[in-house]
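I opened the notebook to record what I looked up in this structure, entry by entry. The terms are given with their cut-offs where they come up.

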Amino acid sequence: MRHIISVLMENEPGALSRVVGLFSQRNFNIESLTVAPTDDSTLSRMTVMTTGDERVIEQITKQLNKLIDVVKVVDLSEGDHIERELMMIKFKANGQMRAEIKRTADIFRGQIIDITPNTYTVQLVGSSDKLDAFIASLGNASIMEVVRSGVSGIARGEKVLTI
Amino acid sequence: MELLSGAEMVVRALRDEGVKYIYGYPGGALLHVYDALFQQDEVEHILVRHEQAATHMADAYARATNKPGVALVTSGPGATNAITGIATAYMDSIPMIVITGQVMSFLIGEDAFQETDMLGISRPIVKHNFSVTRAEDIPSIIKKAFYIAQTGRPGPVVIDIPKDMTTPTERFPYEYPKSVKLRSYNPVTKGHSGQIRKAVDMLLAAKRPMIYTGGGIIMGDASAELTEFAHLLKYPVTNTIMGLGGFPGTDPQYVGWLGMHGSYESNMAMHHSDLILAIGARFDDRVTNAVDKFCPTARIIHVDIDPASISKTVQADVPIVGPAKAVLEEMIQLVKESKKRPDQDALDAWWKQIDEWRGRHGGRYRTDDSEMMKPQQVIEMLSKVTNGNAYVCSDVGQHQMFAAQYYKFNKPNRWINSGGLGTMGFGLPAAMGIKLNFPESDVVCVTGEGSIQMNIQELSTCKQYDIPVVIVCLNNQSLGMVRQWQDMNYESRHSQSYMNSLPDFIKLVESYGHVGMKVTKYSELEGAMREAFAMKDRLVFMDIYVDPFEHVYPMQVPRGSMRDMWLSKTERT
């Protein structure tokens with residue numbers, strides 16, 4: 001099962017390596033990982049997308065909680081939540097393909113954020129599935145480069161992850 | 001407020017933590033700290049001959065006292081040499097502080113001389129580590145390190161200090177913090193009362209109960225509570241090799257330790273029990289054998305201070321996160337208050353069954369078919385000569401298993417071994433760390449001719465500081481445990497397990513100014529051993545020749561259940 005785990009941790013040097021190291025040390029999967037400081041500059045928030053059965057996920061949250069730099073851990077997948085991922089994708093865009101890419105990007109509510117005579121760069125935000133679908137729908141277009149942010153998530157409603 | 005340099009603050013903070021001895025080895029990155037050490041006499045430094053020994057000495061002090069030991073090593077090779085000792089402490093949840101020198105902060109990352117990324121290297125084997133980036137933070141970092149190391153589930157903490165954080169001319173006001181609070185670290189101090197109540201109800205209703213305890217009883221200072229609780233219920237007690245001494249080894253309710261080389265009766269009782277109360281133990285693979293065949297009829301109550309240890313390998317029916325001592329105190333109270341009592345008929349039948357298992361094996365070994373002394377006999381003699389009161393510091397291998405099986409530990413903190421990591425070379429420095437702190441006690445290193453050579457250079461440290469430990473070397477001229485596995489699984493192809501170039505240990509120890517004794521006959525053993533322990537002010541190395549063909553039994557059959565064991569070279573359950 002796919003899980004999105006949010007981690008609030010001290011914004012200290014080395015904190016990220018502790019989390020990443022834990023995952024490799026204990027043979028846990030990381031599908032994607034994002035991290036950035038929060039509105040409180042002493043805290044970073046990390047979102048890890050991982051897979052595993054119930055026992056593995058339980059171990060992941062417990063082991064994360066054990067790290068001294070980790071303040072709080074929440075498995076967002078346990079409740080209603082919103083997840084988003086940002087993708088920037090650069091296409092070789094000549095002739096007919098220019099219109100095709102533009103049309104598809106519109107359908108997916110993407111934006112063209114950079115243009116040259118031969119390329120389009122499209123920005124798309126959404127769930128990971130949506131980004132996958134966008135890439136699949138332009139299968140015949142020549143993708144030059146893809147960069148994805150990894151998943152970020154937040155709980156729906158009044159639930160918050162703060163200290 | 002007094003102004004101190006970073007180096008002086010390191011030493012002062014250790015003093016303020018009540019540290020008497022630190023174990024270490026100097027080097028470039030630590031010269032300022034060593035100079036500060038030289039100019040005071042409250043914290044005494046013990047100079048080892050290899051940094052691994054410094055960590056084992058600090059570790060053993062912690063195992064005997066439950067207080068963190070402190071090691072001090074320089075950057076680069078000093079730090080990497082300490083790694084094995086840090087991993088040893090980590091695997092057994094031992095509180096320890098390791099202060100490592102580091103190159104000047106502006107050189108970090110430039111592959112400077114004797115630079116190594118100690119934070120990175122130590123990360124997977126520490127409870128936490130710190131890097132000092134401002135000298136004035138040294139007191140608070142040391143305070144946090146001690147707090148983290150000894151609270152919750154204990155563990156080693158590394159403090160990496162770049163040389164320029166200790167510059168003698170840069171001085172800062174020194175005040176050692178009285179307390180410490182970390183928003184991200186709040187170890188539990190008691191268990192969930194509802195869960196404890198539920199556990200006690202289940203315990204009182206059990207028909208074939210087992211109490212299975214581990215190192216958490218020792219490090220959690222819960223031996224008295226465990227003993228009271230077990231006596232209250234009259235339930236059988238087993239423990240892991242880390243938990244030896246947590247319950248008196250001569251108590252009739254004690255059924256021996258469990259697992260791969262545990263007693264026949266404890267493994268049988270575990271397999272057939274209907275309720276297991278696990279306290280401060282972690283169901284590791286040397287205990288459970290194949291997890292899917294583990295104790296098929298038992299429900300499990302698991303008490304541990306570390307939530308991550310619960311349901312990690314074996315699913316707990318009633319998880320209780322909390323310190324062993326507090327949880328046991330609450331359990332004792334509840335049992336005393338409860339009107340319910342254990343089902344006496346069921347318990348009698350259970351004890352009858354356990355006693356029958358005891359009678360069937362009961363730790364026997366062969367003594368009749370060989371002229372050679374049996375290693376088991378040596379340990380039994382050791383137990384007799386020291387009245388079960390010595391600190392027994394073991395190395396790793398067959399001798400470790402024999403020591404655990406045949407020495408009767410009646411007190412906690414007396415069995416000092418590398419249970420989790422299985423570090424050969426642990427025994428001698430461990431014995432040194434304890435003897436130094438407990439000069440009046442008998443301290444013995446039980447070792448083999450393989451293990452002892454992994455840190456034998458420390459005989460020199462013993463000479464420098466007059467550390468009169470007794471070394472009992474079960475010399476079977478081979479790496480016994482490797483050889484046993486090769487006998488059992490590789491048709492006796494003894495690949496690299498034979499030591500055909502042993503030194504003359506007697507001459508070797510004599511060259512360091514110590515006493516050597518060679519014992520080859522059982523008839524001479526008791527006299528020699530008594531003589532060795534009577535020489536209170538001399539290190540005695542007893543080179544005891546034992547049967548090289550002896551195996552450790554019982555031994556669980558790989559991938560079997562708890563009850564699947566070899567009982568001798570020819571008998572299987």
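I call a residue buried when its relative accessible area is under 20%, exposed when over 50%, and partly exposed in between, with a 1.4 Å probe and protein chains only. Helices (H or I, at least four residues) and strands (E, at least two) are DSSP runs, numbered from the N terminus. I note that this is a predicted model, in which local features need pLDDT of at least 70 and side-chain atom pairs count only at pLDDT 80 or more, while totals for chains, interfaces and linings use all residues. Residues are numbered from 1 along each chain as its sequence is written, chains are lettered from A and ligands numbered from 1 in the order in which they are written, and side-chain values use heavy atoms, with hydrogens and water left out.

Helix α10 (residues 264-272) of chain B is mostly covered, with eight of its nine residues buried, among them Y264(B), E265(B) and H271(B).

I counted 20 helices and 22 strands in chain B. Its radius of gyration, taken over C-alpha atoms, is 24 Å, close to the 25 Å that the globule rule gives for 573 residues, so chain B is as compact as a globular protein of that length; the rule is 2.2 Å times the number of residues to the power 0.38. Buried residues make up 61% of the 573 residues in chain B. Of its contacts (heavy atoms within 4.5 Å) with a separation of 6 or more, 75% are between residues 24 or more positions apart.

I placed D304(B) in strand β13 (residues 299-304) of chain B. D304(B) is buried yet has no salt bridge, the nearest side chain of opposite charge being R153(B), 5.5 Å away. Here Lys and Arg count as positive and Asp and Glu as negative, without His and the chain ends, and a salt bridge is a side-chain nitrogen of Lys or Arg within 4 Å of a carboxyl oxygen of Asp or Glu. The side chain of D304(B) does reach the backbone nitrogen of D306(B) at 2.9 Å. R153(B) in turn forms a salt bridge with D306(B), the closest N and O atoms being 2.7 Å apart. This pair links distant parts of the chain, with R153(B) in the loop between α6 (138-150) and β7 (156-162) and D306(B) in the loop between β13 and β14 (318-321), 153 residues apart. D306(B) counts as buried because its relative accessibility is 3%, whereas R153(B), at 22%, is partly exposed.

Over all chains, I found 37 salt bridges. The side chains of D201(B) and K340(B) meet in one of 3.3 Å, N to O, which joins helix α7 (residues 193-205) to the loop between α12 (324-337) and α13 (344-360) of chain B, 139 residues apart. Both partners are partly exposed, D201(B) with a relative accessible area of 36% and K340(B) with 44%. I also noted that R366(B), K374(B), D547(B) and E550(B) are linked in a network of salt bridges.

Technical notes
Polar contact = N/O pair within 3.5 Å; in protein donor to acceptor, adjacent residues only side chain to side chain.
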